[in-house]
Amino acid sequence: MTGKLTAILHSAIEPALALLPSVMDTPSARVLLLTFGLQESRFEHRDQLERDGRNTVLGPALSFWQFERAGGVLGVLQHKASRNHAGRICTARGVNADSRAVWERMASDDVLGAAFARLLIWTDPIAMPAPTDTEAAWRLYLRTWRPGAYERGTEAQRQELRAKFNRNHAAAREFVTGARA
């Protein structure tokens with residue numbers, strides 16, 4: 001796991017944070033970006049994979065952080081706290097600042113995906129949780145990513161999703177801060 005986290009930190013997250021104001025690069029932000037990416041894709045799939053009966057089909061989300069075009073992408077492009085930053089990110093990454101262009105590029109541009117993930121977190125009005133606060137990180141994830149698997153899931157599925165989140169947050173927290181729970 002450490003090798004995967006090191007690779008994504010160096011290839012996507014750090015370059016994305018370098019394009020944003022320095023105030024956005026904090027240990028808490030790094031923990032959240034790693035946690036949310038692990039939760040959404042395990043940093044293995046840039047296309048959303050869903051079960052359709054016995055088959056696996058592509059869903060509507062792209063990037064390691066699983067952005068939907070009319071959801072997170074459009075939200076970051078339009079939100080008053082993120083739209084100017086998003087425009088600068090799009091210029092830096094050579095993509096038009098419209099939801100279709102950004103969404104399509106996220107399938108291959110991990111820096112763009114990481115930057116938009118950080119900006120989506122930035123839009124949340126509640127103070128960012130400390131790197132060790134798993135409960136607050138979970139609530140932030142539910143507010144900002146609004147995972148359909150949780151919203152539509154059974155109680156058992158919700159509990160498994162939360163347990164997975166706790167494991168992912170622990171791995172990200174330990175990687176970034178060296179702190180165990």
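Select T35 and its surroundings. T35 touches F165, N168, H169 and A172, leaving aside residues up to four places away in sequence. This is a predicted model. T35 sits in helix α2. Its relative accessible area is 0%, so T35 is buried. T35 and E151 lie 116 residues apart in sequence, and their C-alpha atoms are 19 Å apart in space.

**Helix α2 against helix α6**

Show α2, residues 27-41, and α6, residues 110-122. Their axes come within 10 Å and cross at roughly 115°. Angles from 65 to 115 degrees count as roughly perpendicular, and α2 and α6 are therefore roughly perpendicular to each other. The crossing of α2 past α6 is right-handed. From α2, pick A29, L32, L33 and F36; from α6, pick A114, A117, R118 and I121. Colour these residues by class: 7 are nonpolar, none is polar and 1 is charged.

**Helix α4 against helix α6**

Keep α6 on screen and bring in α4, residues 83-93. How do α4 and α6 run relative to each other, roughly parallel or roughly antiparallel? The axes come within 11 Å and cross at roughly 175°. Over 145 degrees counts as roughly antiparallel, so α4 and α6 are roughly antiparallel to each other. On the α4 side, select H85, A86, I89, C90 and R93. On the α6 side, select V111, L112, A115, F116, L119 and W122. By class, this contact of α4 with α6 holds 9 nonpolar, 1 polar and 1 charged residues.

**G113, inside α6**

Stay on α6 and centre on G113, which lies in this helix. Is G113 buried or exposed? Its relative accessibility is 0%, so G113 counts as buried. Display its partners next. G113 touches S63, W65, F67 and M106, not counting residues up to four places away in sequence. For a distance check, draw a line from G113 to Q78. They are 35 residues apart along the chain, and their C-alpha atoms are separated by 16 Å.

**The largest nonpolar core**

Now widen the view. The largest nonpolar core has 48 residues. Which of them touch the most other members? Select I13, F36, W65, F67, V102, F116 and W145. F36 also belongs to the α2 side of the contact with α6. F116 also belongs to the α6 side of the contact with α4. W65 and F67 are both partners of G113.

Zoom in on V102. Leaving out residues up to four places away in sequence, V102 touches V73, L77, C90, V95, N96, A97, L112 and F116. Three of these names come from the previous stop: C90, L112 and F116 are among the residues of the α4 and α6 contact.

Finish in the loop between α2 and β1 (47-52), where R42 is placed. Phi of R42 is near 55°, a positive value in a residue other than glycine. R42 is partly exposed, with a relative accessible area of 41%. Then select F43, found in the loop between α2 and β1. F43 has a positive phi of about 55°, although it is not a glycine. Is F43 buried or exposed? With a relative accessible area of 8%, F43 is buried.

How values were computed:
Residues numbered from 1 in each chain as written. Predicted model: local features only at pLDDT ≥ 70, side-chain atom pairs only at ≥ 80, totals over all residues. Heavy atoms only, no water. Axes fitted to C-alpha atoms, helices over the stretch in contact; angles between N-to-C directions. Helix = DSSP H or I, 4+ residues; strand = E, 2+ residues; numbered from the N terminus. Parallel < 35°, antiparallel > 145°, perpendicular 65-115°, else oblique. Left-handed = near helix turned anticlockwise from the far one by under 90°. Contact = heavy atoms within 4.5 Å. Nonpolar A, V, L, I, M, F, W, Y, C, P; charged D, E, K, R; others polar. Core = buried A, V, L, I, M, F, W, Y, C linked by side-chain atoms within 4.5 Å. Buried < 20%, exposed > 50% of the residue type's maximum accessible area, 1.4 Å probe, protein only.
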